[in-house]
Amino acid sequence: ELGEVDAILWVVDVTARSGPAEQAVAHMVFARDLPVVVALNKCDAAKPHVIARRIEQLAAIIGDRDYHALVPVSASTGDATDTLLGELAALLPPGPPLYPAGLASDLRDDERIAEYLREAALPHLRQELPHALGVEVDEIEQGDDDLLVIYANLLVESDSQVGIVVGSGGERIRQVGTDARRRIESELGCRVHLDLRVKVRRDWRNSDAELDRMGI
């Protein structure tokens, strides 16, 4: 039983045989008098003449009933799936905005900054400790001349991991800070001074309080 819908997507296997079962499905699909998009799937596994024959079979089953589009696709390779999504999107009515106009994200600034920091750190630390690295933003201050001052911590779970994050002569954490600062400035549209430190917080991944504090 179909609920309230705006359109119907009918997915047909190009490699399957057409017959009474397909005719019965077509009857149910078109009984609602709604726009219908037909997706002829698995076209990567069929030769052109097979695809053409199946399209002819579907046309015969559909008869004089209207349908919005018929799109040969491949779900496994993604071929023509963008076209299919475009056809479906064209049939959807506009809905009310979920967020105020101009809002780029539903995350707070500190949550966004923490994400940018983690994204900047992971390429440098993916091999050593990708899952043991946490990020928390301690404080954000508005400085002079449109300068945003951010105090943040990279969290690890053991003393031995501190050296991994800092790197030889502090080179690694400086690079992480440089990459993160560029991204934060680009996203927030202002100059940023980033005060970045490494702290040991043992077993933080198993602490509900720590995870809540980081918004995870």
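Tutor: A residue is buried under 20% relative accessible area, exposed over 50% and partly exposed in between, with a 1.4 Å probe and protein chains only. The model is predicted, so local features need pLDDT of at least 70 and side-chain atom pairs pLDDT 80 or more, while totals for chains, interfaces and linings use all residues. Residues are numbered from 1 along each chain as its sequence is written, and side-chain values use heavy atoms, without hydrogens and water.

Lysine 42, not a glycine, has a positive phi near 70°. Lysine 42 lies in the loop between strand 2 (36-41) and helix 2 (48-62) and, at a relative accessible area of 39%, is partly exposed. Aspartate 145 also has a positive phi, about 55°, in the loop between strand 4 (134-142) and strand 5 (147-156). Its relative accessibility is 67%, so aspartate 145 counts as exposed.

Now the packing. The axes (lines fitted to C-alpha atoms over the stretch in contact) of helix 4 (residues 109-125) and helix 6 (residues 171-188) come within 9 Å and cross at roughly 140°. The crossing of helix 4 and helix 6 is right-handed. Contact, meaning heavy atoms within 4.5 Å, involves residues of helix 4 including Ile113, Tyr116, Leu117 and Ala120, and residues of helix 6 including Val176, Ala180, Arg183 and Ile184. The contact residues divide into 10 nonpolar, two polar and seven charged.

Note on methods:
Helix = DSSP H or I, 4+ residues; strand = E, 2+ residues; numbered from the N terminus. Axes fitted to C-alpha atoms, helices over the stretch in contact; angles between N-to-C directions. Left-handed = near helix turned anticlockwise from the far one by under 90°. Nonpolar A, V, L, I, M, F, W, Y, C, P; charged D, E, K, R; others polar.
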